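Hello,

Here is the structure I promised to pass on. Please open it alongside this note.

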Amino acid sequence: MTDSQKTATLSYNGENYELPVHTPTAGPDVIDIRKLYNQAGVFTFDPGFTSTAACESAITYIDGDKGVLLHRGYTIGELAEKSHYLEVCYLLIYGELPSATQIEDFENRVTNHTMLHEQMMYFFRGFRRDAHPMAVMTGVVGAMSAFYHDSIDISDPWQREVATIRLIAKMPTIAAMAYKYTIGQPFVYPRNDLDYASNFLRMCFAVPAENYEVNPILSRAMDRIFTLHADHEQNASTSTVRLASSSGANPFACIAAGIACLWGPAHGGANQACLEMLQEIGTVDRIPEYIARAKDKNDPFRLMGFGHRVYKNFDPRATVMKQSADEVLDLLGVENNPILQVAKELEKAALADPYFAEKKLFPNVDFYSGIILEAMGFPTSMFTPIFALSRTVGWISQWKEMIEDPAMKIGRPRQLYTGETARDYVDVEDR
Ligand code: CMC
């Protein structure tokens, strides 16, 4: 990967330092500064990692300027249209699209792990009924390391494989149980004759007293939401999983760390925050007031569901999600829902406003996913757990790639220290 023809020169303190340059298969060249501190005694400063490649990866590629997202080389648009979530999981984990027998075997393996250890029920019951499902998921997924001791040896490839399958298989069960618990309904066990998305919908919406038929259009839309959130390169939660795993921590603990990071409103929590914002706006006539607030430098308010660190053109996931939103809204006949009216008008108003155009702020995936999930009947508190269950495969694929990389090192950033220098301790009576 290093292009021996290319180097970068850094001049510092009257000395020149030649730095190797790596040429990726796609994207900008990468200047290798790993030896910089040893050679020149300086650190680099990049909080927020806006110009720093923190790892080498062959899983997902984003060209934010062109609005491109590729998984193992395949565009997200094509995957969303022609593939399905478990096939995309296979692709992310193993690097290639599966053959017919490979996908059948993979689906069987996932299906055989959908149930949770029965003792985990009691773990759920320790939470308050009004707990946010993300709080429950963070706790329960972390607790998996106590229930599945047999797959926490990360140096054993077979155990890594079992942990991978277990996480993908059990996450819908955990998310659905977290939901059922908070609404006081009995847990619904998985049904292995259903596909992944239909099984999740049933575990969320079925009750023992009634028959539940999964609507295939909703199941397809659910599968699309999973697919569109499956991986997204080195985002905050994935980087959290990588950093946590770099210490050798077990996969369940690391995925729990990823879930905790995803919860924030600047990341996966944006889908919940976006719908709550639409509810707060309430009616179309209040949109100009909120647009003005988003533009006001002295107001911390931001339009949730707009903008992205990497996409400075459009979010290709949002394009597919918008189509799905239209299909679902059509099916459910909720075009006249006031929240959805606000969403449509807000999108129009923001896209026509020069502030958003200049700053390249477009609706992102979370703008539309929240609208679909709301129409399907999910409460806003379930939006981020659904993101977490979808992203689990991305986290685990990146975790696996990192563990299998011989160059793997514990992550240990440096700092620009601006605190006090060494000083003498002052006894309390002298302070
Ligand atoms: N509304 C109003 N102004 C905004 C927004 C917004 N949603 N997003 C960015 N800006 C402005 C920001 O104020 C700044 O202006 P200025 O240059 O005058 O100071 C400029 O645009 C650049 O913003 P930034 O914060 O430096 O950009 P960033 O790359 O650090 O932030 C972001 C990216 C996604 C955190 C941000 O756009 C945001 O907070 N959006 C709302 C939350 C959201 O929808 N998040 C979901 C992201 S997609 C799902 C996922 O990957 O998790």
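Below are some notes on a helix, some aromatic rings and a pocket.

This is a predicted model, where local features need pLDDT of at least 70, side-chain atom pairs count only at pLDDT 80 or more, and totals for chains, interfaces and linings use all residues. Residues are numbered from 1 along each chain as its sequence is written, and side-chain values use heavy atoms, with hydrogens and water left out.

Let's start with α14, residues 316-332. Helices here are DSSP runs (H or I, at least four residues), numbered from the N terminus. α14 has 17 residues and spans 25 Å from first to last C-alpha, close to the expected 24 Å (1.5 Å times one less than its number of residues). Its buried residues (under 20% relative accessible area, 1.4 Å probe, protein chains only) include P316, V320, S324 and V328. The buried residues of α14 pack against several elements, among them α9, α17 and α18. After α14 comes G333, with a positive phi near 60°.

Next, the rings. The whole structure has 19 aromatic pairs (rings of Phe, Tyr and Trp, its six-membered ring, with centres within 6.5 Å; edge-to-face means planes over 60 degrees apart). One of them, F306 with F367, is edge-to-face, at 5.2 Å centre to centre and 65° between the planes. F306 sits in the loop between α13 and α14 and F367 in α17, so the pair ties together parts 61 residues apart in sequence. Both F306 and F367 are buried.

Finally, which residues lie nearest the centre of the second largest pocket? They are L86, E107, L194, D195 and Y196, from a lining of 19 residues. A pocket here is an open set of points on a 1 Å grid over the protein atoms alone, where a 1.4 Å probe fits, with protein on both sides within 12 Å along at least five of seven lines; lining residues have an atom within 4 Å of a point.

Best wishes

Conventions
Helix = DSSP H or I, 4+ residues; strand = E, 2+ residues; numbered from the N terminus. Buried < 20%, exposed > 50% of the residue type's maximum accessible area, 1.4 Å probe, protein only. Contact = heavy atoms within 4.5 Å. Phe/Tyr/Trp six-rings, centres within 6.5 Å; stacked < 30°, edge-to-face > 60°.
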